[in-house]
Structures are given as structure tokens and as C-alpha cells.
Amino acid sequence: MKVIKGTKVFDITELKEAANLLKRGRLVSFPTETVYGLGANALQEKSVREIFNAKGRPADNPLIIHIAKKEDINNLISKELPVLAKKLINKFWPGPLTIVLPKDNKVPGITTGGLETVAIRMPNHQVALKLIEEAGVPIAAPSANLSGKPSPTLAEHVIEDLAGTIDGIIDGGQTGVGVESTVIDLSKNIPVLLRPGGVTYEELVDVLGEVDIDPAVSSKGENEAKRAISPGMKYKHYAPKAEVILIEGKSDKVRDKIEELINTYQDLKLGLMLTKELRSNYSNVNLKYMGSRDNLAEVGQNIFKLLRDFDNEGVDKILVEGVVTEGLGLAIMNRLRKSAGYQIIEV
């Protein structure tokens, strides 16, 4: 497995080497503005199948196709690009927004999880864009982690999970957004938010006027019966080895509940994931700050990294402070609730 440096100043020769691996049907992990992706030629069934094998990902969990130019979306869909899609593309591409539309027959069923729709995005990361351009094919790329684990925001996370099973990694440093892209379904009469991410619900409404939210987005319990029409809707996700408990509510009550739980679990090696505002004198616990409540972008960037850090430090149980579900907070809480396996304490 080759590790290629892919920061703002990158070696085009090595990037072409990675693109050649993709052309030959191999798997390459690469940075995007959200998380690290695990890429393969989206139109080559055998290559895409290797993604599922490497990750241990269920075959009915659809993949997102990444493109390098806005107009490339037209090659992957069966109908003329809708007006609403054009509005979103003009506003948010390149960026952390995935659009779901009816698929063209050239897109194999394994890429779409057997669905007649396809999920497409144009990442806002120059290394990712250049890699896709050099490969000359659309790239199917879920997060580059073992299925169910926290998504990777550093190349080291990819190496931890997938070393020996993939052919290359482009190391672009820590990703910026830290949670996966927003997914919106435009195949229905009314647009439906399937997964919250770096583009917020409020921003989508500003452009589209009316947007429904799939019940799974804000769910506080398992939703396994529904067929996954977007990545992140079904199956266990974002979970570290340690048990996670999420505490939601007003900050003073959250602080009191955390102190109570510290006493309850005093025989365990505890980790705390808090905002910077919830400062207190906690003893005998491993304390990490996610960021400020006033800067949810900082929180989003850090949550998956901190969950992995706790695992590397051998923590038994992680207590996590919840944040608001407005703006980027909706995506953060969606991920944290799933990380906790919906073990949520409301105070």
C-alpha cells in the first residue's frame, strides 16, 4: 500500500500514479473537504465490489459518486437535470452536498445499492478533484473506514482500518468539515433531506423553498426496517469500540448528569467529550474538548477524531455532551446519536 502526500502542494506525478491505480480497478483512499473517501471506478462493477469487501459494508448500502466537473452529472442520470438540481449545483458545488436523482443505465446496480437512483457530488478539495480528473472516470467513494466505525478525518485513521486491503492512500492532512456530505433526494415531488451534513437544512430551504426531512435524520432510535436510500440511513454507524452515552439538554443539567455518571462509573476508565463552555473540575477522567458551542464547524471537525483517540487510549465508556440541532448541529447530533447506538439521556 502506497501512501502519497496530497496537501495543498502535491506531486502531480504521484497523483497520476494514484489515478492509474483507479483506472486499473484498484482502490485508493483520498481526502475530501468532509472525510476521507475510499475510491473505485463507479462504472466498473468488479472494482466497486472491492469497496464493499474492504469495508465490510452491506451490499444494499448505496455509494456516492464523485465527479470533477459540474456537467459530468448529466452522464450519470436518466433524465434532464431538474431546475432545482441546477439551483443547488450553482449554489453549493463544489461542496459537501450530494444530490440523488434517477440513474442512467450505465451506472451498475452495485454502486446504487440496487436502487434506480444515484447519489452524486462534486467535492470541494483540489486533490480530490485533480485525482478524479486524472482518472477520467467518476469515482464511487464511501468513507474510508471499516463499516460501522467513526469516519476517517486523517490518513492515519484510514491506515488503522484498511492497511493491507487497499492499494493507495493520498495523505492530505486533517479534513475540514469533519462530517460527511449532506444528501438530498430530488427524485420526489418535494425535495427530501436524507442525511444532514456540511450544507445545512436552513441553507437548502433558502434555495429550494420547501424541503422535507426524512424521519431517520432526527431519529433517537433504530430505524432498521426502512431500506437505505442514502448512505448513513441504516445499519450501525460511527461507533468506537468504547460504549458511548450521549447527554442532551440544558448545559447546567448536562453538567449535573455527567457528574452523577462519573460517580456511577468510577470503576471504569471514562472519557468525556464536552464543549469548551462546559468546563468543570472533573477528576480521574480523560477529558477532551470538541470545540465551542458558538463554533459548530469546529465541533464537527473534531468529533470522529476524538472518538478514535479515546479508543486508542483504551477508554471503556465515553460520555458526550449534546449540542443544538440547528444549522450544522443537526448533522453533528445525527452522527453522535448513531455513535451512541441511541443510548441517549435527556435532562
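**Helix 4**

Select helix 4, residues 126-135, in this predicted model. Colour Val127, Ala128, Leu129, Leu131, Ile132 and Ala135: these residues of helix 4 are buried. Now show what they pack against. The partners are helix 1, strand 2, strand 4 (64-66), strand 7 (139-140) and strand 8 (168-171). Step past the end of the helix to Gly136. This glycine follows helix 4 and has a positive phi, near 75 degrees.

**Helix 1 against helix 4**

The crossing of the two helices is right-handed.

Show side chains at the contact. From helix 1, pick Ile12, Leu15, Lys16, Ala18, Ala19, Leu22 and Lys23. They meet Val127, Lys130, Leu131, Glu134 and Ala135 of helix 4. Val127, Leu131 and Ala135 also belong to the buried set of helix 4.

**Ser29 in strand 2**

Strand 2 was among the partners of helix 4. Select Ser29, which sits in this strand, residues 28-31. Is Ser29 buried or exposed? Its relative accessibility is 0%, so Ser29 counts as buried.

Draw a distance from the side chain of Ser29 to the backbone oxygen of Gly37. A polar atom of that side chain lies 3.1 Å from the oxygen. Then display the surroundings. Leaving out neighbours within four places in sequence, Ser29 is in contact with Tyr36, Gly37, Leu38, Ala144, Val158, Ile166, Gly168, Ile169 and Ile170.

Move to helix 3, residues 83-92. Colour Ala85, Leu88, Ile89 and Phe92, which are buried. They span an arc of only 100 degrees around the axis, so they share one side of helix 3. Turn to the other side. There Val83, Asn90 and Lys91 are exposed.

What covers the buried residues of helix 3? The cover includes strand 5 (97-102), strand 9 (182-185) and helix 6 (201-208).

Next, go to Pro94, in the loop between helix 3 and strand 5. Check the peptide bond from Trp93 to Pro94. It is cis, with omega near -5 degrees. Most peptide bonds are trans, and most residues other than glycine have a negative phi.

**Helix 5 against helix 8**

Select helix 5 (residues 155-162) and helix 8 (296-312). The two pack at an angle of about 50 degrees, with their axes 11 Å apart. That makes helix 5 oblique to helix 8. Their crossing is left-handed. The contact is made by His157, Glu160 and Asp161 of helix 5, together with Lys305, Arg308 and Asn312 of helix 8.

Draw two distances here. The side chain of Ser292 makes a polar contact with the side chain of Glu277, at 2.6 Å. A polar atom of the Ser292 side chain also lies 3.0 Å from the backbone nitrogen of Asp294. Not counting residues up to four places away in sequence, Ser292 touches Lys276, Glu277, Glu298 and Val299.

**Two tyrosines with positive phi**

Select Tyr238, in the loop between strand 11 (212-213) and strand 12 (243-248). Its phi is near 60 degrees, a positive value in a residue other than glycine. At a relative accessible area of 3%, Tyr238 is buried.

Finish at Tyr342, in the loop between helix 9 (329-339) and strand 16 (344-346). Tyr342 is not a glycine, but it has a positive phi of about 65 degrees. Its relative accessibility is 17%, and the cut-off for buried is under 20%. Tyr342 therefore counts as buried.

Last, draw a line from the C-alpha of Tyr342 to the C-alpha of Glu80. The two residues are 262 places apart in sequence and 40 Å apart in space.

Notes:
Residues numbered from 1 in each chain as written. Predicted model: local features only at pLDDT ≥ 70, side-chain atom pairs only at ≥ 80, totals over all residues. Heavy atoms only, no water. Buried < 20%, exposed > 50% of the residue type's maximum accessible area, 1.4 Å probe, protein only. Helix = DSSP H or I, 4+ residues; strand = E, 2+ residues; numbered from the N terminus. Arc of directions from axis to C-beta. Contact = heavy atoms within 4.5 Å. Polar contact = N/O pair within 3.5 Å; in protein donor to acceptor, adjacent residues only side chain to side chain. Axes fitted to C-alpha atoms, helices over the stretch in contact; angles between N-to-C directions. Left-handed = near helix turned anticlockwise from the far one by under 90°. Parallel < 35°, antiparallel > 145°, perpendicular 65-115°, else oblique.
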